[in-house]
Amino acid sequence: MLRLRILPALLALAAVLVPTSVAQAQDELVVSLSSDPTSLFMPRTSDRTASNAAWSLFDSLVWIDDDGNLVPALATDWTISEDGTEYVFELREGVTFHNGETFDAESVVATWETGSDESNDYASAYSAADSVEAIDAYTVRITTPEPNAIFLTTIANNWAMVPPDYIREVGLDAFAQDPVGTGPFRFVSRTPGDRIVMEANPDYWADGLPRVDRLVYRVIPDGSTRLAAIRTGDVDVANRLTPDQVTALEGAEDVEVVQYLNDRVYYVGFKNMGAGEGTPIEDRRVRLALNYGLDRFGINQAIFSGQANAAPGFVVEGNLGYDADTMQPFPYDPDRARALLAEAGYPDGFEISMGCPADGYVNINEVCQAIASSLGQIGVDVEVDFQTTNAYWSEPNYAVTGPMYVDSWSSEFGEAIPRLDGALTPGNYYNTWEDERIANLIQEIQREVDRDARAELYGEMHELMREDPPFIYLYQPVIFEAVDADLEGYQPRAAEEYFLRSVGFAD
Amino acid sequence: MLSFFARRVGESLALILGVLVLVFFLVRLTGDPVGLMLPKEAPPEQRAAFAAEMGLDRPLPVQFAAYMTGVARGDFGESLRQRRPTLEIVAERLPATFELALAALAFALLVAVPLGLAGGMRPGTWVDVLARGVGLAGQTVPNFWLGMLFIVWFAVGLGWFPAFGRDDLSSIVLPAVALGFAGMGQLIRLTRSAVLEVRRSDFVRTAQAKGIAGTRVSLKHVLPNVAIPIVSVLGIQFTYLLGGSVYIEVVFAWPGLGTLLETAIRDTDFPLVQAITIFLSFFAISIHLLTDLAYGLIDPRLRAA
Amino acid sequence: MTRPTTPPDAGAPTAADAHAGEGLFSPRRLGRELLRSPAGLLGAALVLLVAAAAIFAPWVAPYAPSEADFLSARIPPAWNPEGSAAHLLGTDQLGQDLFSRIVYGARVSLLVGVFGVTLSLTIGVTLGLLAGYFGGRIDSVITAFTNLLLSVPYLVLVIVIATILGRSLVNVILLFGVTSSPVFIRVTRGQVLRLKQLAYVEAARGLGASSGRIIPRHLLPNLVGPLATLATFEMSAMIFYEAGLGFLGLSVPPEVPSWGNMLSLGRRFLTTEPWMAIFPGLAIAVTTLGINLVGDWLRDAIDPRAGEG
């Protein structure tokens with residue numbers, strides 16, 4: 001009988017090990033990360049999660065404020081030449097890197113040089129500049145090959161200033177392990193797959209920032225675990241939750257739900273090349289029919305509890321040139337869809353295959369199934385072809401899928417240009433639809449430096465992509481996050497970016 | 001005797017070589033990393049540059065030769081995603097996984113041995129029924145499902161343990177119990193049958209005939225004989241636990257090799273998937289070898305086989 | 001998950017070493033044995049229950065497995081105050097009836113288990129016989145292949161291959177059929193090596209009987225016992241692993257109602273609607289429990305000495 005007491009003893013032992021839930025010090029901010037950052041060296045941060053974490057350590061020359069305006073950061077002022085290809089920046093004096101190194105014009109040159117190495121994931125953000133020269137210690141001149149509408153935004157989003165001497169001394173690999181910047185926080189330690197610890201930079205150039213003493217990122221890949229962690233108080237920010245997950249937080253006292261529209265468009269792509277050639281979708285009327293015949297409102301209601309926007313096109317709410325009056329999603333009109341199909345010679349519909357990246361996005365499996373069942377109502381028999389994400393995105397032009405495929409595209413510029421260019425400029429990796437009118441208009445937008453003129457062009461683009469749609473437009477998702485109710489100043493942006501320098505706790 | 005050792009070591013080396021080849025080609029069938037690694041907007045030139053930098057544009061045999069020469073020098077390549085030596089990455093994650101597997105094994109032993117002993121000593125009694133029931137449960141309950149239930153009950157519901165991560169001591173309890181559950185089931189069954197076996201043998205009967213009380217018989221006579229089969233499966237159990245930790249680590253966001261493998265596969269990070277798989281295989285092969293060699297020392301008959 | 005150990009001891013003589021094994025496997029004898037074992041009976045009943053659910057799914061399940069009703073999404077089980085009598089085990093986030101999906105899910109699990117084991121058994125017996133009976137080079141090649149597959153940790157191997165194959169039922173069956181075959185090869189080979197040395201087989205060979213005669217008459221019947229036991233344990237292991245792959249999103253396509261897929265989905269709602277994850281897991285546990293009980297009983301019936309008292 002002696003041995004039998006071991007079980008209760010074990011339970012007792014377990015009880016002893018129960019965590020004494022330590023009241024979190026008010027000046028430590030714990031933020032969950034949905035994936036382990038691949039690198040904290042900005043040109044190699046392969047996803048948004050990584051670059052968000054890295055921005056706590058770095059600054060750029062210019063900064064985009066919460067209202068979308070370009071404001072000074074490490075550059076105090078700048079001028080742009082008449083022809084729009086030359087930028088001269090005046091740099092902030094008296095700024096030092098975390099290791100004591102002085103920030104000056106040489107740092108900007110070094111940042112551009114290390115960043116434009118072609119093996120970097122985001123090399124293209126640096127090769128947007130032709131040359132970067134130091135005019136004097138605190139003045140730099142940057143030239144671009146041609147007028148570039150989004151050059152300053154590109155700098156603000158990518159060019160994290162790095163210390164040249166330190167990098168020369170330790171090398172890039174060591175730098176990525178122990179990064180040094182001018183940012184609001186200093187790197188303390190990192191446990192791969194687990195956490196990144198940072199502390200406030202006491203010499204930060206912006207007065208009164210950051211607002212917390214310590215910043216800890218915890219890696220929690222799984223959404224339901226992040227939800228559990230915010231409920232148990234283990235983290236202060238739980239990001240990337242689904243609408244149905246946040247309903248579980250209703251009534252939770254110490255937790256507040258933050259939601260915002262994401263600058264991302266989900267769509268069904270068509271191919272007028274490869275697998276799409278010779279199929280019904282080459283006919284404009286068929287593509288219009290599919291847009292009218294898809295009940296995107298019903299799908300939104302069912303799968304996202306109505307918490308997503310039906311997408312009017314590729315230019316969506318929050319983008320430059322978006323106009324709620326003229327840009328409305330296709331109405332759900334199955335009769336019109338059937339009529340269009342009949343007109344195109346398919347009165348009884350047709351069969352077609354549609355690729356779907358299984359588990360590639362939140363709820364995407366259900367969305368794909370719902371598209372098939374909705375289009376089935378107008379007689380189009382869609383066969384959903386689920387593929388692993390590896391296969392899906394590893395071949396150019398979605399080679400593994402049939403004439404149609406489901407995907408999404410985000411933008412971090414407040415403008416639709418990255419997704420327009422990526423998906424519709426012939427020759428690009430994920431291009432499957434060639435339309436000369438669209439391609440020309442894309443080029444025009446890219447070269448138009450004037451914001452208002454660009455806004456006009458986006459309107460034209462919307463019309464063009466509406467009359468002869470290269471996609472079935474689906475929806476623009478709403479992002480849900482849950483934060484500690486005492487948290488102040490946390491303002492994530494439409495591209496799922498957030499900056500923690502002005503985040504603090506209420507007293 | 002020496003030839004037995006030499007042969008077993010030789011076989012193990014050949015196996016390791018085989019695993020290197022197998023894993024290299026298997027992993028290369030999982031997809032093309034270039035499309036997945038780079039941002040969607042990356043232009044074709046940059047894709048080509050990336051492939052060249054990572055050596056992915058060379059013919060497969062050339063890549064294989066480069067890989068094997070690297071391995072011979074102890075270089076298992078760089079992770080495509082993290083741009084660091086894969087060995088370094090594996091080494092960073094190793095302690096967390098070992099810690100979890102050891103804790104799971106400890107849990108399994110702590111429950112299984114007493115319960116198996118008790119059940120085996122009193123076959124047919126309620127203790128035995130309990131032992132058999134728990135043993136069976138261990139083999140039929142999926143560990144990741146158990147892990148999920150634990151999170152619901154003990155972390156979110158009762159707030160006894162953290163729901164995720166590797167923090168203080170309390171954070172290992174739930175994942176270790178979930179992971180060790182299946183091993184516990186097996187060990188209970190093993191212990192119990194070993195006890196039954198020993199009890200059938202003569203010397204225990206003699207001891208009982210002499211009137212030695214039940215508990216003392218179990219401790220003095222049975223335990224040493226039961227220990228041998230248990231100890232002999234521990235190494236193998238441990239390698240199973242390392243494999244099984246993939247699921248548990250994913251459920252609990254435990255920063256070990258399992259979560260690393262899961263993301264590396266999703267990223268088609270060939271060198272990293274290779275390094276993890278090969279490391280785990282090396283480990284399993286070595287455990288088998290050591291177990292065999294130990295047996296060889298104990299039981300000379302085996303050497304002839 | 002831990003791979004259940006392979007119980008048959010390849011070296012020991014068993015009661016099954018009869019000439020053609022008649023008697024030992026006669027339905028009447030097995031039936032008698034089963035009636036004497038309450039645990040075996042329970043196991044058989046559970047297996048029959050699950051098999052019946054799978055076969056008669058359209059009649060058992062109140063709804064079609066993919067019948068979505070968004071208005072009744074995420075309803076708790078019927079006994080919950082907020083539950084509905086229309087959905088015994090509640091509904092998932094698309095409003096699909098959980099009970100119906102679990103009933104249909106039994107099909108996937110059993111198909112994977114039955115066909116996976118059949119495939120492994122076929123590969124295993126063929127290669128094991130070749131290796132054990134003919135020996136020599138053929139044996140070396142087969143043994144090397146077996147050892148190689150066995151030295152990569154099983155789950156890691158399965159996950160890597162599943163990624164290559166992509167999501168389909170046939171691929172999952174192929175995957176388990178091939179990766180589990182080494183155990184069958186090993187056991188078959190061991191048995192054949194042992195049987196070859198038995199007096200009557202040697203005598204038959206000495207009398208000039210061809211292998212075409214010896215294998216079916218003397219070897220195969222004696223393999224049935226150990227392989228049958230192994231097969232049941234492997235079947236429950238495959239059902240386990242299929243669920244694990246589904247959980248990682250690597251098994252059958254997402255629209256297929258399988259227990260693994262349901263767990264994978266249910267996990268997202270774990271802290272809010274836990275029933276979506278609890279019931280599919282329970283279904284797996286009940287099924288593997290049944291198969292394991294049958295396996296235990298079968299082992300004891302075939303080899304009483306290895307019994308558990």
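## Domains of chain A

Domain bounds here come from an automatic or database domain assignment. The model is predicted. For chain A, the assignment gives three entries. Domain 1 covers 14–49 + 173–262 + 479–505. Domain 2 covers 62–168, and domain 3 covers 264–477.

The centres of domain 1 and domain 3 of chain A lie 34 Å apart, taken over C-alpha atoms. Their contact draws 9 residues from domain 1 of chain A and 14 residues from domain 3 of chain A. On the domain 1 side, 5 of the residues are nonpolar, 2 are polar and 2 are charged.

## The five-stranded sheet

Chain A holds an open sheet of 5 strands in the order β16-β15-β17-β13-β18, with mixed pairing. Strands of a sheet pair through backbone hydrogen bonds, either parallel or antiparallel. β16 and β18 (471–473) of chain A are at the edges. Each has a single partner strand, so one side of each lacks a neighbour in the sheet. From one strand to the next, the twist averages 30 degrees.

In which sense do β15(A) and β16(A) pair? They run parallel, over 7 bridges. Within this pairing region, G355(A) stands opposite D385(A) of β16(A).

## Helix α13 of chain A

Helix α13 of chain A spans residues 364–376, 13 residues in all. From first C-alpha to last, α13(A) reaches 18 Å. That is close to the 18 Å expected at 1.5 Å a residue.

Is α13(A) largely enclosed or largely open? Largely enclosed by the rest of the structure, because 10 of its 13 residues are buried. A residue counts as buried when 20 or more other C-beta atoms lie within 10 Å of its own. Buried residues of α13(A) include I364(A), V367(A), C368(A), I371(A) and L375(A).

## The four-stranded sheet

A second open sheet in chain A has 4 strands, ordered β4-β5-β7-β6, with antiparallel pairing. Its edge strands are β4 (75–80) and β6 (131–136) of chain A, each pairing on one side only. Here the twist averages 20 degrees from one strand to the next.

β6(A) and β7 (residues 139–143) of chain A pair antiparallel over 5 bridges. A134(A) has V140(A), in β7(A), as its bridge partner. Helix α3 (residues 105–115) of chain A packs on this sheet. α3(A) touches β5 (86–91), β6 and β7 of chain A, and its direction makes about 170 degrees with that of β6(A).

## Backbone exceptions

Most residues other than glycine have a negative phi, and most peptide bonds are trans. A few sites here depart from that pattern.

A cis peptide bond joins L209(A) and P210(A), with omega about -5 degrees. P210(A) sits in the loop between β9 (195–200) and β10 (214–219) of chain A.

S305(A) is not a glycine, yet has a positive phi of about 50 degrees. S305(A) falls in the loop between α11 and β14 (308–310) of chain A. With 17 other C-beta atoms within 10 Å, S305(A) is partly exposed.

T268(B) is another non-glycine residue with positive phi, near 45 degrees. The loop between α11 and α12 (270–298) of chain B holds T268(B). Is T268(B) buried or exposed? Buried, because T268(B) has 27 C-beta neighbours inside 10 Å.

## Contact between chains A and B

The contact takes 55 residues from chain B and 49 residues from chain A. Five helices of chain B each supply at least two residues of the side that touches chain A: α2 (33–37), α3 (44–53), α5 (86–121), α7 (143–157) and α11 (257–266). Which helix gives the most? α5(B), with 8 residues. By class, this side of chain B has 30 nonpolar, 12 polar and 13 charged residues.

## Chain C

Chain C has 12 helices and 0 strands. Buried residues make up 53% of its 309 residues. Consider contacts in chain C between residues at least 6 apart in sequence: 71% of them join residues at least 24 apart.

Note on methods: Residues are numbered from 1 along each chain as its sequence is written. Chains are lettered from A and ligands numbered from 1 in the order in which they are written. This is a predicted model: local features need pLDDT of at least 70, side-chain atom pairs count only at pLDDT 80 or more; totals for chains, interfaces and linings use all residues. Two residues are in contact if their C-beta atoms, placed from the backbone, lie within 7 Å. Ala, Val, Leu, Ile, Met, Phe, Trp, Tyr, Cys and Pro count as nonpolar, Asp, Glu, Lys and Arg as charged, and the others, Gly among them, as polar. The expected span of a helix is 1.5 Å times one less than its number of residues. A residue is buried if 20 or more other C-beta atoms lie within 10 Å of its own, exposed if 12 or fewer, and partly exposed in between; C-beta atoms are placed from the backbone. Two strands pair if DSSP finds at least two bridges between them. Axes are lines fitted to C-alpha atoms, for helices over the stretch in contact, and angles run from 0 to 180 degrees between N-to-C directions.
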